[in-house]
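Please consider the following sequence and structure together. The paragraphs below lead through a few selected places.

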Amino acid sequence: MHETDMTKALIGTIRDWWDSQPETPIIEKVHLIVGAFTCVEPASLQFAFDVQTQGTFLDGAQLVIKDVPLVAHCHTCRADYRPEFGSQYACPTCHSPMEDIRSGRELKIDRLECVVA
């Protein structure tokens with residue numbers, strides 16, 4: 001379950017930011033962007049976040065996950081398409097292999113919602 005390790009890294013990144021603030025903020029929400037091609041299971045990520053933040057500076061913070069679909073661009077057809085998992089990700093029109101991913105690999109913190117204590 002790599003979501004556990006990802007959550008540890010996420011908490012560490014937020015902690016570094018939190019420690020650098022002149023006034024101690026209370027983090028209410030953590031907004032993440034998670035692409036479909038990252039192989040991250042949102043429910044597992046949510047569970048790991050809930051467990052790992054208990055009793056920490058993030059206790060009670062809500063994890064908000066925005067799913068981003070996999071979108072590829074076919075250079076032959078000159079069109080974007082949404083590859084289907086299990087179809088070898090080929091272009092549905094000309095069946096060219098997927099070459100250019102436009103979205104779906106994102107895994108990042110979008111923003112934090114905080115109040116100052």
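Leaving aside neighbours within four places in sequence, with which residues is Cys-91 in contact? They are Cys-74, Cys-77, Tyr-81 and Ser-96, where contact means heavy atoms within 4.5 Å. The model is a predicted one, in which local features need pLDDT of at least 70 and side-chain atom pairs count only at pLDDT 80 or more, while totals for chains, interfaces and linings use all residues. Residues are numbered from 1 along each chain as its sequence is written, and side-chain values use heavy atoms, with hydrogens and water left out.

Cys-91 belongs to a recorded group: UniProt, in an unreviewed entry, lists Cys-74, Cys-77, Cys-91 and Cys-94 under "binding site". These four span 21 residues in sequence, yet no two of their C-alpha atoms are more than 8.7 Å apart, so they gather at one spot. The UniProt positions follow the numbering used here, feature names are shortened, and such annotations may be inferred rather than shown by experiment.

Cys-91 lies in the loop between strand 4 (79-81) and strand 5 (100-103), and Cys-94 is found in the loop between strand 4 and strand 5 as well. Helices (H or I, at least four residues) and strands (E, at least two) are DSSP runs, numbered from the N terminus. Cys-91 is buried, with a relative accessible area of 3%, whereas Cys-94, at 28%, is partly exposed. Here buried means under 20% relative accessible area, exposed over 50%, and partly exposed in between, with a 1.4 Å probe and protein chains only. Not counting residues up to four places away in sequence, Cys-94 touches Cys-74, Thr-76 and Cys-77.

The description now turns to helix 1. His-2 lies in helix 1, and the UniProt annotation "binding site", from an unreviewed entry, covers His-2. His-2 is partly exposed, with a relative accessible area of 35%. Beyond residues up to four places away in sequence, His-2 touches Thr-38, Cys-39 and Val-40.

Glu-3 also has its place in helix 1 (residues 2-19). A polar atom of the Glu-3 side chain lies 2.7 Å from the backbone nitrogen of Glu-41. Apart from neighbours within four places in sequence, the contacts of Glu-3 include Cys-39, Val-40 and Ser-44.

Finally, the largest nonpolar core has 15 residues, of which Ile-27, Val-30 and Leu-58 touch the most other members. Helix 1, strand 1 (25-35) and helix 2 (42-52) each supply at least two residues of this core. Such a core is a set of buried Ala, Val, Leu, Ile, Met, Phe, Trp, Tyr and Cys residues joined through side-chain atoms within 4.5 Å.

Conventions: A polar contact is a pair of N or O atoms within 3.5 Å; within protein, one must be able to donate a hydrogen and the other to accept it, and residues adjacent in sequence count only if both atoms are side-chain atoms.
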